[in-house]
Amino acid sequence: MHELAVTENILNIAIRNAENARATRVTDINLVIGALSSIVDDSVQFYWDMLSQDTICAGSKLHFQRLPARIVCQDCHTEYEIQEELRTCPSCDSYRVRFVQGEEFFLESIEIEK
Amino acid sequence: MSSEKVTVVEKIMDANDQVALTNRRILDQAGVFSLNIMASPGAGKTSVILQTIKALAPEIRIGVIEGDTAPVTIDADKVIAAGMPALQINTAGSCHLDAVMLSRGLESFPLSDIDLLIVENVGNLICPASFKLGTHANVVIASIPEGDDKPYKYPTIYRGLDVLIMNKIDLLPYIRFNKEYFLKGIEMLNPGLTTFQVSCETGEGIAEWAEWLRARVKEQKAK
């Protein structure tokens, strides 16, 4: 949800970093999004196409790297991924678990021309 | 003309988080302990706040900031009727409070007159999870009639919590609610989460919650 606000944030971060690097234009935006961060890629792309016009990011491509939710069992140390529903350890059925991946939501890098 | 990859590694929610940090500093400087109370509509946010006021005031001075999407003052009025200062934020249709809205609210709030600030977020189990406010503790109120599968269906909000209050426990005899299933989900998402089981209707469990708050307010004052 809030794809418009999210897209505005991405644009602001990208423009600032592009200007700091003295870019003439931005060609690619690399995003890292964990499975637990609920963002609809298509909606971000839609807003991006609108908002980035007339900016240094005009015409740039968004890349969404999705990271799965990874969990480590605290009892048997099995590491497993959850695609859909939260579940107990597939090896020992323990519910004493820790999340080690899945909540990422950041702009990793931009590709620019100078 | 050359191409270059520029490493950024900035969180997309950073702008909000920075304002949240400023809010926290303001609250710390004022010696005020603060809560962000979130829940589905009707779970009991306002009821818990009123019970908290009943249990702790006037020993602890409490202020409340209310967030609602509709231009109502229903909740703020109840708090004022209970004798505490309340500020109503109308989010103008936004489904959650964010750090900027809270910072504006803090500007006009008499922080030097209170020990505890309770922010009642918009009734919503999804969106508030993404917007840190800068309060010291995130609290969700899960009411028994909502069902025992909510941690599984709304994992994000349960992960970001510091306290869980299970409300309406007086209805347990009448509702199919598997406490073990519910608590297992909580344990997977947020191991060791401080949890209170209460009924705002009967008053059961409120004293334990109040005691926890009393201790936090005391710690905050001592800093």
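A residue counts as buried if 20 or more other C-beta atoms lie within 10 Å of its own, with C-beta atoms placed from the backbone. The legends below describe a predicted model.

**View 1. Chain B as a whole.** By the burial cut-off, 46% of the 223 residues of chain B are buried. Eight helices and eight strands make up the secondary structure listed for chain B. Its radius of gyration is 18 Å, close to the 17 Å of the globule rule for 223 residues, so chain B is as compact as a globular protein of that length. Along the principal axes, the C-alpha atoms of chain B fill a box of roughly 75 × 40 × 40 Å.

**View 2. Helix α4 of chain B, buried on one side.** Helix α4(B) covers residues 99-107. Its buried residues are B:Ala99, B:Met101, B:Leu102, B:Gly105 and B:Leu106. These residues cover an arc of only 155 degrees around the axis, which puts them on the same side of α4(B). An α-helix has 3.6 residues a turn, so residues three or four places apart point the same way. B:Arg104 and B:Glu107 are exposed, on the other side of α4(B). The cover over the buried residues includes helix α1 (14-29) of chain B. Strands β3 (62-68), β4 (86-90) and β5 (116-120) of chain B are also among the covering elements.

**View 3. The three-stranded sheet of chain A.** This open sheet has the strand order β4-β3-β5, with antiparallel pairing. Strands β4 (79-82) and β5 (97-101) of chain A are the edges, each pairing on one side only. On average, neighbouring strands of the sheet are turned by 35 degrees against each other, direction ignored. Four bridges link strand β3(A), residues 69-73, to β5(A) in the antiparallel sense. One pair to locate is A:Val72 with its bridge partner in β5(A), A:Arg98.

**View 4. Strand β6 of chain A and its partner within the chain.** Strand β1(A), residues 25-34, runs antiparallel to β6(A). Eight bridges join the two strands. A:Val26 has A:Ile112 of β6(A) as its bridge partner.

**View 5. Strand β6 of chain A meets strand β1 of chain B.** Pairing also crosses between the chains: seven bridges join β6(A) to β1(B), residues 3-11. The two strands run antiparallel. A:Ile110 has B:Val6 as its bridge partner in β1(B). The bridge partner of A:Glu111 in β1(B) is B:Lys5. In a regular strand the side chains alternate between the two faces of the sheet.

**View 6. The side of chain A that touches chain B.** Across the interface, 24 residues of chain A contact 26 residues of chain B. Helix α1 (3-20) and strand β6 (105-113) of chain A each supply at least two residues of this side of chain A. The most come from β6(A), which gives nine residues. By residue class, this side of chain A divides into 14 nonpolar, four polar and six charged residues.

Key: Residues numbered from 1 in each chain as written. Chains lettered and ligands numbered in written order. Predicted model: local features only at pLDDT ≥ 70, side-chain atom pairs only at ≥ 80, totals over all residues. Contact = placed C-beta atoms within 7 Å. Nonpolar A, V, L, I, M, F, W, Y, C, P; charged D, E, K, R; others polar. Pairing = 2+ DSSP bridges. Rg over C-alpha atoms; globule rule 2.2 N^0.38 Å. Buried ≥ 20, exposed ≤ 12 C-beta atoms within 10 Å, placed from the backbone. Arc of directions from axis to C-beta. Axes fitted to C-alpha atoms, helices over the stretch in contact; angles between N-to-C directions.
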